[in-house]
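Let's take a friendly walk through the aromatic rings and a few neighbouring features of this protein. Keep the sequence and the 3D view at hand as you read.

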Amino acid sequence: TAVEAALHGRDVIINDVNPLCAILTRPRLEVPVVAEIDVRLRALRLTLKVRSDLDLSMFYHPNTEREILNLQEYLRRRRQDGTEDSIDRWIRMVATNRLTGHSPGFFSVYTLPPNQAVMPENQIKINEKLGQQPEYRDICALILRKSMQLQSALNAGNRWQLHRAAASARFLEGEADATSAIPADSVQLTVTSPPFLDVVQYARDNWLRCWFNGLDAGAIGDRITMSKTVEAWADAMSKVFDELYRITRPGGWVAFEVGE
């Protein structure tokens, strides 16, 4: 939604209690050129010995795991010392999306689609059922290949529109019913989708993405609305609609997509 808004020349505000949202969205507005990404990837030292606090052997070949751990540490240091730039953020975004999946384009052995990460014990069962062992995946090569795919349709005008939006885009992490940082009567169009009922387990599905980015999946999951009944869901969404009414300018629009 943020990218589409930018390509239409709109001013962009993103609000999501999930910090992964900004990690996966901001780089798509900043969009560094592939040549810069290639140079940065070539400069990384990803073969250093480093220890993990998790057993990830059911997902990754030992050499792949070592590369992931070194990339994780590099990105952590860059963010911590304030030197992280748009190229680092792009690499973080692509790597986060490549951690696990069901094709050779991902870092992991065959597993569930990339919007879910099974728990280690379940991945062991998948490996046994399919008779598979993790093969080595060159994570820099995969990041570069995916970067080229993501940017293949962009022209100079698209890049200018995205960069223009990135310069003023606002990334908020507030509750949807309390967006005080957004002025009243200021938004022409909101595009949003509410949470499901109590059927999606955020921490379970996103534990690996959060681990890679140094985030507490459990704490994030606790902030996401997970109503157990339709009545509770409707009550929560009524508060959201009150806030959407406050921020929407006269004649503005709200696209509210309720899945299933």
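Helices (H or I, at least four residues) and strands (E, at least two) are taken here as DSSP runs and numbered from the N terminus. With those names in place, Val199 can be found in the loop between β3 (187-192) and α9 (202-212). Please bear in mind that this is a predicted model.

**A nonpolar patch on the surface**

Is Val199 buried or exposed? Its relative accessibility is 57%, and residues over 50% count as exposed, so Val199 is exposed. Val199 also belongs to a nonpolar surface patch, together with Phe196, Leu197 and Val230. The four residues of this patch have about 340 Å² of accessible area together.

**Aromatic pairs**

How many aromatic pairs does a search of the whole structure find? The search finds three. One of them joins Phe59 and Tyr60, whose ring centres are 6.1 Å apart; the planes meet at 45 degrees, so this pair is tilted. Phe59 is buried, with a relative accessible area of 0%, and Tyr60 is buried too, at 2%.

Another pair is made by Phe241 and Phe256, with ring centres 4.5 Å apart and planes at 45 degrees, so this pair is tilted as well. Here the pair links distant parts of the chain, 15 residues apart: Phe241 sits in helix α11 (residues 230-247) and Phe256 in strand β4 (residues 248-256). Phe241 is partly exposed, with a relative accessible area of 40%, and Phe256 is partly exposed at 22%.

| Residue | Relative accessible area | Class |
|---|---|---|
| Phe59 | 0% | buried |
| Tyr60 | 2% | buried |
| Phe241 | 40% | partly exposed |
| Phe256 | 22% | partly exposed |

Which residues do ring pairs link into a cluster? Phe59 and Tyr60 are joined there by Trp207.

**Two arginines to look at**

Arg98 lies over the face of Phe106, 4.0 Å from the ring centre. Arg89 is found in helix α5, which covers residues 86-98. Leaving aside neighbours within four places in sequence, which residues are in contact with Arg89? They are Arg26, Pro27, Glu30 and Glu84. As a further distance to check in your viewer, the C-alpha atoms of Arg89 and Leu7 are separated by 20 Å, and these residues are 82 apart along the chain.

Note on methods. Residues numbered from 1 in each chain as written. Predicted model: local features only at pLDDT ≥ 70, side-chain atom pairs only at ≥ 80, totals over all residues. Heavy atoms only, no water. Phe/Tyr/Trp six-rings, centres within 6.5 Å; stacked < 30°, edge-to-face > 60°. Buried < 20%, exposed > 50% of the residue type's maximum accessible area, 1.4 Å probe, protein only. Lys NZ or Arg CZ within 6 Å of the ring centre and 35° of its normal. Patch = residues over 30% accessible without salt bridge, like charges linked within 9 Å, V, L, I, M, F, W, Y side chains within 5 Å. Areas by Shrake-Rupley, 256 points an atom, 1.4 Å probe, with all protein chains shown as cover. Salt bridge = Lys/Arg side-chain N within 4 Å of Asp/Glu carboxyl O. Contact = heavy atoms within 4.5 Å.
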